[in-house]
Amino acid sequence: MAAITKIREEFQTGLFDFKKSGDICRLLGVSSRNEREAVLRILQDMEHGGEIVRDERGRYVSPNRLGLVKGKIQGNERGFAFLLREGEDDLFLSPRALHGALHGDTIYAKIVKGDRGEEGEVYSIVSRGMTRLVGTYFRDRKGGTVEPDERRFGEEIRVVGGFRAVPGEKVVVKIVSYPEGRRPEGEIVEVLGRSGELETEEDAIIASAGLFTEFSQKVQAEAEKVSRQPITADGRTDFRKELIVTIDGDDSRDFDDAVTVCTEGDFWKLGVHIADVSHYVKRNGPLDKEAYQRGTSVYFPDRVLPMLPEELSNGICSLNEGEDRYVLSCLMKVDQKGNVVDSQVVNGIMRSAHRMTYSKVTAILEGDAQLRKEYADVVPMLEEMERLARVLIRKRDKRGSIDLDVREAKITYQDGVIEVCENERMISHRIIEEFMILANETVAEIVAAYELPFLYRVHEKPSEEKAKGFLKYLKELGLTPKFRAVNVRPGEYGQVLDSLKGNDLYHVVNRVMLRSMSKARYSFENLGHFGLASECYCHFTSPIRRYPDLVVHRILKCVIGGRAEEAETFSSFVQNASISCSASERKADEAERAVDELYEVFYMMDHIGEEMEGTVSGVTAFAVFVELKNTIEGRIGFEDLPADEYVFIEERFLLQGKRHSFKIGDKLKVKVAGCDVGQRRVMFVPIEEK
């Protein structure tokens with residue numbers, strides 16, 4: 001330990017920089033063979049850990065002495081890559097500057113001058129990023145190779161062992177070595193099935209994302225054990241005689257939130273009751289460790305990969321109709337302007353009176369006589385919910401909350417039939433959205449007042465660079481936005497959309513605005529939520545399917561139980577959890593998006609040759625993207641565009657020719673030309689008007 005400390009100190013002082021291992025041993029006064037070997041191991045460990053590098057002469061040196069920058073490689077299927085750096089702009093890496101580095105690797109790079117200004121060149125590889133890949137197996141003269149589905153990886157893998165596979169099968173390969181100057185080598189650890197089949201391709205996406213599909217026997221046994229616990233009202237506020245309902249999708253199976261509303265003079269009393277998952281999932285227990293690893297439930301058209309076993313997610317924790325359930329309840333008193341004038345959180349027990357659906361609630365509120373008769377006991381409350389929700393919507397609009405009207409696909413898969421349509425956003429969706437947002441904000445404010453460790457949901461304002469790009473785009477459209485890119489405020493973005501309501505540009509600007517914004521994430525620091533124009537926000541309402549909500553519940557219970565000292569023990573944990581949960585969310589989102597694209601491709605196979613109308617949804621130098629009315633997006637390759645001399649004007653999202661032009665928002669007739677299952681891509685060709 002002393003030797004490690006000494007070596008680190010001398011690299012910091014510069015004494016050991018540009019020295020070989022023998023020189024370092026001599027400066028340390030090390031002479032015996034065992035001691036020299038120990039020093040060499042320390043140097044190698046420091047090199048593998050990225051603390052030091054070796055120059056072209058094999059001498060050890062601190063990376064900062066050479067002006068090197070550290071980051072992670074993000075590859076591109078066209079051969080180039082980007083170096084992603086924490087808190088810094090990405091660096092472009094040309095194919096010749098990669099020097100054997102691949103997608104996912106952590107590397108040191110030197111900054112060089114290139115065609116794009118400052119570019120990067122790989123100096124040394126600190127660690128390889130990819131250990132397992134999914135791809136298609138092929139035979140060749142030297143044995144077998146796997147062509148990765150991850151196109152950004154950019155290299156085939158030579159098979160050196162593992163399971164046998166048939167050419168054309170989709171496999172999981174574990175990389176065992178990265179020989180210098182040659183292709184990576186790997187062993188086949190799983191054969192998924194025939195490439196090109198829907199189930200196989202979906203399994204490949206799940207395997208590639210590293211998602212968990214099964215629970216261990218230990219976790220399963222723990223779930224079965226806790227699910228058998230009797231439910232009693234001891235020490236809890238009893239809500240079982242109140243009119244409380246769940247409102248979810250038609251096909252929902254786990255219900256982690258229930259709501260109730262009544263009036264008290266000029267005020268509304270809103271109760272948001274959330275499944276008390278933390279009662280069953282104890283901190284650091286088997287269920288907790290599994291849930292932390294998963295981070296979130298993942299939803300696909302044909303299946304769900306739950307964060308918690310079914311005994312909890314669909315059983316004892318789910319707020320099923322007519323069954324007693326433990327809840328953590330946020331009780332709010334709301335005035336006519338939508339302000340919460342009083343609030344409290346209590347441990348409760350409730351019984352859902354009805355399992356309502358979004359479609360039924362919307363129909364009731366729109367006057368469906370049969371449903372209003374069937375649910376006569378709940379109709380007055382639903383009408384009161386709508387009134388309160390509209391007040392909350394107005395309040396958020398007034399403070400500058402950004403309501404991005406993003407079209408989403410609803411994909412169903414039943415009896416081998418795929419259906420795709422736009423997911424309609426109804427008033428019932430808005431009611432639940434508003435109630436959940438209010439509860440999340442209220443809980444965050446309660447805990448923040450105690451200045452205790454916490455897990456916030458944050459959404460930072462757009463970077464100055466992206467805001468500048470959006471500002472320029474708006475001016476190109478002839479608009480006069482009133483915000484400064486250096487410090488844009490949510491209300492100013494909201495005003496842009498408000499000014500375009502009823503205008504054809506509304507959805508176009510909406511789409512470009514979304515691209516200019518950063519992605520929401522979890523943080524142990526309260527950085528506010530730009531999109532919601534909220535100074536303090538968290539996720540509290542979905543503990544069955546999101547791990548951050550479970551953490552919030554535990555800390556919240558410490559607060560309402562007067563156990564501040566216990567809450568302080570979460571300090572280092574929330575720092576780690578903020579990183580882990582954000583990464584799990586990104587991974588799940590990417591997998592869900594990839595599987596949705598896969599189902600859309602299989603759906604469109606039955607429509608090849610058909611002509612359809614769409615809207616240009618994206619423009620690049622090499623392709624135009626078109627979104628159909630059912631939300632499916634397809635690609636028109638540059639080679640399929642009408643012959644012209646095109647120039648790509650990036651800041652205007654415009655491909656301009658002498659006779660033709662394509663920009664976001666243009667209406668376009670297309671023909672479905674084909675479907676590429678491997679790239680999960682629908683191909684269109686434009687139909688020129690006569």
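User: Is lysine 501 buried or exposed?
Analyst: Happy to start there. Buried means under 20% relative accessible area, exposed over 50%, and partly exposed in between (1.4 Å probe, protein chains only). In this predicted model, local features need pLDDT of at least 70, side-chain atom pairs count only at pLDDT 80 or more, and totals for chains, interfaces and linings use all residues. Because its relative accessibility is 54%, lysine 501 counts as exposed.

User: Which residue meets lysine 501 in a salt bridge?
Analyst: A salt bridge is a side-chain nitrogen of Lys or Arg within 4 Å of a carboxyl oxygen of Asp or Glu. Side-chain values use heavy atoms, with hydrogens and water left out, and residues are numbered from 1 along each chain as its sequence is written. The N to O value for this pair is 3.6 Å, and the partner of lysine 501 is aspartate 498.

User: Good! Which network do salt bridges with shared partners form?
Analyst: Salt bridges that share partners join one network of Arg396, Asp403, Arg425, Arg430, Glu433 and Glu434.
Within that group, glutamate 433 bridges arginine 425, with the closest N and O atoms 2.8 Å apart. Glutamate 433 also bridges arginine 430, at 3.7 Å.

User: In which helix do glutamate 433 and arginine 430 lie?
Analyst: Helices (H or I, at least four residues) are DSSP runs, numbered from the N terminus. Glutamate 433 and arginine 430 are three residues apart, about one turn, and both lie in helix H11 (residues 427–448).

How values were computed. Helices (H or I, at least four residues) and strands (E, at least two) are DSSP runs, numbered from the N terminus.
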